[in-house]
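Here's a quick tour of charged pairs and the nonpolar core. Have a look at the chain first, then read on.

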Amino acid sequence: MMIRYASYFIAALLPLLLFRWFVPASIGEIDFWLLWLLAMIVVSLPVVYAEIALAYRSVDAPLAGMQKLTREADVSPMWRSFGWLAALVSIIIAALVISAASTGILAALTELNSDPTVPSFAIAAGLMVVAILLSLLGVAPLPIGLGLMVIGLLLGVANGLPHIDFAMTDISLTEWARAVALALVSVGAGTGLYWFGQNLVTKQVGTAVDTDNHNVQNTARSRATNEYRATKLVLPIWILQLLVGGVALLLSGMSLPPIGQLLYWVGVLFVVSYLLHYSTQQLAHKFGLLVSLVITFVLALVLVIAIPTTWLVGILVIISSVAVLSLSIFAGWQMKISHLRKSLNFGNEAFYNLWRIAIRLVVPLALLLALIGWGMQWVS
């Protein structure tokens, strides 16, 4: 049952985890809200559709699925890089969030007059060890993490909501860059997490069906094919992202009491474990489970100890943008039209044409403009 809702948990959790690094200095900038909404429609939505379509077509997880799809489309193996990049993005997100958690926990303990004589990086390393152990539990930690984070935020709300002065400001490429980052990184579009979640559901259903005879199996597959619609999977995820994202934006300037901070960051630890579980499962396709677990842990540990948080944000923006760009070009230009049309199974041909224009032209252009905006910000 928990596996079926993994994608929805992720859609609700990632905005709460990552919005803090991409919001503008003044959250009351109306133009930023409008840009974020535009990015959610023209960038995030087509990319989530692409993930679900490729998941349905490949009937496998991202890394293994891209191998099947590139052979099927008879294209260069270089397009398989999306699977590797997606696994790397999840590890970077885990390192970024754990780094913030170590700082947040230290701050909370200091407010409680219990300042430990342990450096922040040591706490981060210890949290990463706990997270990699929790990753062995798979999907199970997600609802626990969500519950603890929500309780922590509610304690902050009880102290009073931040005052926001809404006003229009000048629109710039740097503002667009932040809006696109919120619409992609913070909702998990292009990370392969929704592809992976759909694959978990498919495997669960397949296992359940295999317990019956072959006639029941064929009937179930036929019924699933007839009833399948990508929109039934994508729209609930996207709407949840939109609602939670709006709440996360409104609460981004809120300060939490010490107990609220501790609950929030412990909840984050449970969520990070799922990100590490996801990356381990992807790498296991090539290296086996044990070796993949070690690789994931070592890479995450090095990132969280050796690289400053601000650098991790920049690395995350670049690699996630490259991953989404790779996915959009592969889905839009390399995959056969007939295969994607069947995988999306839109009720109206016009919807398919709109999605195809978005994934082929709008998404790559939006990403390139966003990268230029980030470059301008970093140079300045």
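Lys 68 counts as partly exposed because its relative accessibility is 37%, which lies between the 20% and 50% cut-offs. Its salt-bridge partner is Asp 60, with the closest N and O atoms 3.3 Å apart. Keep in mind that this is a predicted model.

**Charged pairs**
- Side chains of opposite charge can pair up when their charged atoms come close.
- The count of salt bridges here comes to 3.
- Asp 60, the partner of Lys 68, is partly exposed too, at 22% relative accessibility.
- Arg 57 pairs with Glu 72, and their closest N and O atoms sit 2.9 Å apart. This pair links distant parts of the chain: Arg 57 belongs to helix H2 (residues 30-58) and Glu 72 to helix H3 (residues 62-73), 15 residues apart.
- Arg 57 is partly exposed at 27%, and Glu 72 is partly exposed at 29%.
- Glu 349 forms a salt bridge with Arg 341, with 3.0 Å between the closest N and O atoms.
- Glu 349 has a relative accessible area of 39%, so it counts as partly exposed; Arg 341, at 33%, is partly exposed as well.

**The nonpolar core**
- The largest nonpolar core has 130 residues.
- Leu 18, Phe 22, Leu 142, Leu 249, Tyr 274 and Trp 355 are the ones with the most contacts inside that core.
- What does Leu 249 touch, leaving aside its neighbours within four places in sequence? Its contacts are Phe 19, Val 23, Ile 27, Phe 32, Trp 33, Trp 36 and Leu 182.

Definitions and conventions. Residues numbered from 1 in each chain as written. Predicted model: local features only at pLDDT ≥ 70, side-chain atom pairs only at ≥ 80, totals over all residues. Heavy atoms only, no water. Core = buried A, V, L, I, M, F, W, Y, C linked by side-chain atoms within 4.5 Å. Buried < 20%, exposed > 50% of the residue type's maximum accessible area, 1.4 Å probe, protein only. Contact = heavy atoms within 4.5 Å. Salt bridge = Lys/Arg side-chain N within 4 Å of Asp/Glu carboxyl O. Helix = DSSP H or I, 4+ residues; strand = E, 2+ residues; numbered from the N terminus.
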